[in-house]
Amino acid sequence: MNKEELKHRTHQFALRIIHLSEKLIEKGGCAKILADQLLRSGTSVGANYRAACIAKSNNDFLNKLKICEEEADETLYWLELLTDTALVRPELLTDLTNEARQLTAILTASIKTKRHNLTTAAKKNCKL
C-alpha cells in the first residue's frame, strides 16, 4: 500500500467514525462520552498520518507514525467498549473494528520497516 492509498484509507476510516459518533451522541449519557473519545482518536489516525507524510526528518516521521499507531489502537479500545457495554451490537461494528485492527497492523509494520531501513542504511554508511 502506498502513501496516497493509506491517506485515503485513513480518511475513509475517519468519515465512518464521524458517522458512528453522531449516532452515539444522540443516545446521550455514556454513549456520548464514548463517542467523544472515539471521535478524537478515530479522526486523529488520518490527521497524524498526513502530518507524518510531510515530516521534516526520519525521526519526525517515526514519531508521527507511532502516534498514528497509538491512535488506531485507542480507537479499537473505544469500539470494544461500545460493544462490551452493549451500547452497540457487536455485529454493527465488525467492519469498523476490523479496519481499526488492520490500520494498527499496517502502521506497526510500517514503523518496523522504516526502523529496519534506517538501521541498514546506517550500517552501510559506517562501512564506507
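**Helices**

Modeller: Helix H2 (residues 29-53) has 25 residues and spans 37 Å from its first C-alpha to its last, close to the 36 Å expected at 1.5 Å a residue. Helices here are DSSP runs of H or I of at least four residues, numbered from the N terminus; the expected span is 1.5 Å times one less than the number of residues.

Colleague: What are we working from, and how are residues numbered?

Modeller: This is a predicted model, in which local features need pLDDT of at least 70, side-chain atom pairs count only at pLDDT 80 or more, and totals for chains, interfaces and linings use all residues. Residues are numbered from 1 along each chain as its sequence is written, and side-chain values use heavy atoms, with hydrogens and water left out.

Colleague: Where is the kink in H2 centred?

Modeller: On Ser44, with an angle of about 35°. The bend at a residue is the angle between axes fitted to the seven residues ending there and the seven starting there.

Colleague: Turning to side chains, how many aromatic pairs are there?

Modeller: The count is one aromatic pair. Tyr77 and Trp78 form it edge-to-face, at 5.0 Å centre to centre and 70° between the planes. Rings of Phe, Tyr and Trp (its six-membered ring) pair if their centres lie within 6.5 Å; planes under 30 degrees apart are stacked, over 60 edge-to-face, and the rest tilted.

Colleague: And is Trp78 buried or exposed?

Modeller: Trp78 counts as buried at 13% relative accessibility, whereas Tyr77 is partly exposed at 44%. Buried means under 20% relative accessible area, exposed over 50%, and partly exposed in between (1.4 Å probe, protein chains only).

Colleague: Which residue has a positive phi although it is not a glycine?

Modeller: Ala86, at about 65°. Ala86 is in the loop between helix H3 (58-84) and helix H4 (90-127), and counts as exposed at 63% relative accessibility.

Colleague: Now the pockets. Which residues line the largest pocket?

Modeller: Among them are Arg16, His19, Lys23, Val88 and Leu96. Helix H1 (3-27) and H4 each give two or more residues to this lining, and H1 gives the most, with six. A pocket is an open set of points on a 1 Å grid over the protein atoms alone, where a 1.4 Å probe fits, with protein on both sides within 12 Å along at least five of seven lines; lining residues have an atom within 4 Å of a point.

Colleague: How exposed is Arg16?

Modeller: Arg16, in helix H1, is partly exposed, with a relative accessible area of 36%.
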